[in-house]
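Subject: Structure for you to look over

Hello,

Here is the structure I said I would pass on, with my notes below it. Please read the two side by side.

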Amino acid sequence: MSVFAFVWAVGPPPVTDATRPIVLGVALVLTALTLVLALRSRGNGTRDLAADWQRQYNRVALVEFAAIAVVVVGLVVLDAAELITPAVCLVVGAHFVPLATLFGQQVYRWTGLALVAVGLAGVVVAVAGDGDLARATTGFGAAAVLWLTSVVVSLAVDRSRVPVR
């Protein structure tokens, strides 16, 4: 999750040559910190996953990737490229709903809702006419949600507060 947060932070947001090193540096530090926390807590909690969890996950991921492809192509055809980043965030948010059940991580429902809210905020900003701000809002917002989720899951597993199926 931390790595995806890094991609959201440095990929979509438009940054100038002057701010690029700052954004990259902050993103690297936050990603490293959340990865260290996740690795430190690794193995401190267990999950009883369904026997076919990998097949179910692959199905969710395939639907997510197909939806992203349709959204991107559709918005390019409609000449609405400023909506691509927020729309992709909406799809990514929606994909967390089935993952919450699959992995027994109820916090993923909140992650999905938060990503949908970030995507909707990006849509509003884009429709208002500022595509760069829409990408920044969506990229940095999605990164923050994913870094926070990584921390919450790591701490909850470490303290056995995440419900285990």
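Phenylalanine 4 lies in helix 1, residues 2–10; helices here are DSSP runs of H or I with at least four residues, and strands are runs of E with at least two, numbered from the N terminus. Phenylalanine 4 is exposed, with a relative accessible area of 59%. Buried means under 20% relative accessible area, exposed over 50%, and partly exposed in between, with a 1.4 Å probe and protein chains only. In sequence, phenylalanine 4 and alanine 142 are 138 residues apart, but their C-alpha atoms are 9.1 Å apart in space.

Before the rest, two notes on the source. This is a predicted model, in which local features need pLDDT of at least 70 and side-chain atom pairs count only at pLDDT 80 or more, while totals for chains, interfaces and linings use all residues. Residues are numbered from 1 along each chain as its sequence is written, and side-chain values use heavy atoms, with hydrogens and water left out.

Helix 3 and helix 4

The axes of these two helices come within 10 Å and cross at roughly 165°. Axes are lines fitted to C-alpha atoms, for helices over the stretch in contact, and angles run from 0 to 180 degrees between N-to-C directions. Helix 3 is therefore roughly antiparallel to helix 4; the cut-offs are under 35 degrees for roughly parallel, over 145 for roughly antiparallel, 65 to 115 for roughly perpendicular, and oblique for the rest. Among the residues that meet are Trp53, Tyr57, Val60 and Glu64 in helix 3 and Val91, His95, Leu99 and Phe103 in helix 4, where contact means heavy atoms within 4.5 Å. By class, this contact of helix 3 with helix 4 has 18 nonpolar, 2 polar and 1 charged residues. Ala, Val, Leu, Ile, Met, Phe, Trp, Tyr, Cys and Pro count as nonpolar, Asp, Glu, Lys and Arg as charged, and the others, Gly among them, as polar.

The loop between helix 3 and helix 4 holds aspartate 79. Aspartate 79 has a positive phi of about 55° although it is not a glycine, and at 66% relative accessibility it counts as exposed.

Helix 4 and helix 5

Helix 4 and helix 5 pack with their axes 7 Å apart, at an angle of about 170°. This pair of helices, too, is roughly antiparallel. Helix 4 contributes residues including Cys89, Gly93, Phe96 and Ala100, which meet residues of helix 5 including Tyr108, Gly112, Leu115 and Gly119. The contact of helix 4 with helix 5 divides into 16 nonpolar, 6 polar and 1 charged residues.

Aromatic pairs

A search of the whole structure finds 3 aromatic pairs. Rings of Phe, Tyr and Trp (its six-membered ring) pair if their centres lie within 6.5 Å; planes under 30 degrees apart count as stacked, over 60 as edge-to-face and the rest as tilted. Tyrosine 57 and phenylalanine 103 form a tilted pair, 5.9 Å centre to centre with 50° between the planes. Tyrosine 57 is in helix 3 (residues 53–77) and phenylalanine 103 in helix 4 (residues 84–103), 46 residues apart. Tyrosine 57 is partly exposed at 31% relative accessible area, whereas phenylalanine 103 is buried at 18%.

The rings of phenylalanine 96 and tyrosine 108 have centres 5.5 Å apart and planes at 80°, so this pair is edge-to-face. Phenylalanine 96 lies in helix 4 and tyrosine 108 in helix 5 (residues 107–127), so the pair ties together parts 12 residues apart in sequence. Both phenylalanine 96 and tyrosine 108 are buried. Ring pairs also link Trp53, Tyr57 and Phe103 into a cluster.

Regards
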